[in-house]
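The following note is intended for a colleague who is meeting this structure for the first time. Please read the numbered points alongside the sequence and the model.

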Amino acid sequence: MSNHDFDRFQGSPDYVASEELMRTVNVAIALERPLLVRGEPGTGKTMLASSIARALGKQMIVWNIKSTTKAQEGLYVYDTVQRLNDSRFGDRDVSDIKHYIKLGKLGESFTSPEQVVLLIDEIDKADLEFPNDLLNELDEMSFYIPETRETINTVKRPIVIITSNAEKELPDAFLRRCVFHYIEFPTPEIMERIIKVHFPDIQEKLLGAALKTFYTLRDIDDFRKKPSTAELIDWIYALIVGGIPHERIAKEIPFVGALIKKETDYAYFMEHVMNRRMNTYGMRWRD
Amino acid sequence: MFTYFFYLLKRRKVPVSVTEWMTLMEALASGCVGDLDDFYYMARAILVKSEAYYDQYDVAFQEYFKGIEPPPEIREQILDWLKDPLNRMAVSQEMQALLDSLDLDELLQEFEKRLREQTEQHDGGGYWIGRGGTSPFGHSGYNPAGIRIGGEGGGGRAIKIAQERRFRNYRHDITLDVRQIKLALKDLRQLRRVGPLDELALEETIDATARNAGDIELIWRRSRQNAVKLLLLMDVGGSMEPYAQLCNRLFSAAHSASHFKDFQYYYFHNCVYDYLYKDIERSDTVGTAHILQTLEPDYKVVLVGDARIGTTELTHRYGSISYYEPNETPGIVWLKRIGEHFNHAIWLNPTKEYYWNHATVMAIGRLFPMFELTLEGLDQSIKKLVVRR
């Protein structure tokens, strides 16, 4: 993908992206399609957008989706209640509806004079029909406001990043318009780089011991929620602050609460991992 | 360009559409692609919209760019073959010839490898291997078409990536974890407006206010809640032992899914008879007739079991396998009553569909729509539970 004039994403100093991911991001930018990113929680889906924004020197607009979010809100909101209120008690000019039209995040990103990175975070949180309601707007990158008879057109097509946790199936028509990438859980090598981004001065031995323990825990299939990157970073931070020597990490797994968040997982961990270990160590002492 | 690849993907059941294909063509025309690696990632990003299909994509990619024959799906070929045990008797001449031409040790080795791979995805792994020796599976193992493994690497890196098939575990047809089950169960809902008037109906409020010439009038409505009631009946013990963990997951998912209006669960052993049990140890009982009497027909019923029992256990009076629970009424009659009483009932079977060629499984399958206890099966079954029969 050389000699092309679109901006190319190559990761940013504070975000380690796999080669696959970078390629996919560049495909999405080149094709001007929204990029749909999926992956386990804690694999840096949301971080990706801010990293792209920083790497390309662009402003980022975040649209956090909640279960109650309506597609319309992203475009604009016609504040009828305010207008009604003003008509009775206010002194503003209620005859001009424009005062009561407020652009949503999508509208903002369309009208921005510079190209922006728009993050639509956790699109699957919203109602099933939500993505369908945005189809045309994302295609054309424009929309019409009937109240003011205005059409909002894009100045510069934003780079759209959409994240999803796969809690709901997204409609096919919507998927067809996106470029898709699944972020795999980082391999130990990539994880090492990620940790070093967060803790540049970390001791190699500590890092090695922590990673080894972390991936061992992740291999336990019976956990309801496996620890992910975000938890690992918290944990390593705790280890550093606590001044834990690296030999103790694998043996005792200190601050395990930073890694294992569910009560049932914790119980399982104590019973199956720690107890067994105590027994092994106990036997060794007897030798 | 690459049109055959498109059809290969389709054949591998990757849902690609012409729109996406045109996008890929557009991308190719724009000169974004430098080498095969680029193509691999770009085509995947554009054409494949779920990690569940990454594996099939890899297989199709291998097939197209390597010109090698991909490993055929066990389901399609071997298991078609399996369905008819008579096949075992008649191995055709040409096949015999093929068999003779191949090194048996080599084949056996591959066969074992394949088996191992299969058990990783198959919950009742022991079952597979256990049966491996005697079942027709063993026979088809010698079938040269049955176990073809991708050739050695070489060539582009993308092909190697495709050959690794790292995404095998994301396929839909593997068995489930709790969260996946929960997600599937989420679809099982019928929202109705119930309870107190506690939600402001904005549209109506504005409308009423406007009609009132600007005098604000607030309109309230009931909030939407799930009206679905679920009844879960699970087979425990005996032949269900290998699937205990899987059934556990289903149970814990259903149990912790808080969105049901009501959730009831009972256990049975092999088949439903006069009594159902409130606990796995089967000590606390409740009459099946009582359940039918007291639960309204709008409960959605999910029965879980392998349905593979003795014929007499299903059709005979006193057929129950348990000495201590002599049944006055044959199991099949009870099942029939359950099916007739409730509007929606389905059967989830933790065994694979190709094992269902069994008298009692088929008999029960005629009473209830039967689905595999996999993500795909669960999704289908829930669709069945939502729609009216």
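At what angle do helix α9 and helix α11 of chain A pack, and how far apart are their axes?

1. Helix α9 (residues 188-198) and helix α11 (residues 229-242) of chain A pack at an angle of about 50 degrees, and their axes are 11 Å apart. Axes are lines fitted to C-alpha atoms, for helices over the stretch in contact, and angles run from 0 to 180 degrees between N-to-C directions. The angle makes α9(A) oblique to α11(A); angles under 35 degrees count as roughly parallel, over 145 as roughly antiparallel, 65 to 115 as roughly perpendicular and the rest as oblique.

2. On the α9(A) side, the contact (heavy atoms within 4.5 Å) is made by A:Met191, A:Ile194, A:Ile195 and A:His198. Their partners in α11(A) are A:Thr229, A:Leu232, A:Ile233 and A:Ile236.

3. The model is predicted: local features need pLDDT of at least 70 and side-chain atom pairs count only at pLDDT 80 or more, while totals for chains, interfaces and linings use all residues. Residues are numbered from 1 along each chain as its sequence is written, chains are lettered from A and ligands numbered from 1 in the order in which they are written, and side-chain values use heavy atoms, with hydrogens and water left out.

4. From α1(A), A:Glu20, A:Arg23, A:Thr24, A:Val27 and A:Leu31 take part. They meet residues of α3(B) including B:Asp37, B:Tyr41 and B:Arg44.

5. A:Ser164 lies in strand β8 (residues 159-164) of chain A. Helices (H or I, at least four residues) and strands (E, at least two) are DSSP runs, numbered from the N terminus. At 1% relative accessibility, A:Ser164 counts as buried (under 20% relative accessible area, with exposed over 50% and partly exposed in between; 1.4 Å probe, protein chains only). Leaving aside neighbours within four places in sequence, A:Ser164 has contacts that include A:Arg38, A:Lys45 and A:Asp124.

6. Chain B contains 18 helices and 9 strands, and buried residues make up 50% of its 389 residues. Both B:Cys247, at 7% relative accessible area, and B:Cys271, at 3%, are buried. A search of the whole structure finds 0 disulfides over all chains, a disulfide being a pair of cysteine sulfur atoms within 2.5 Å.
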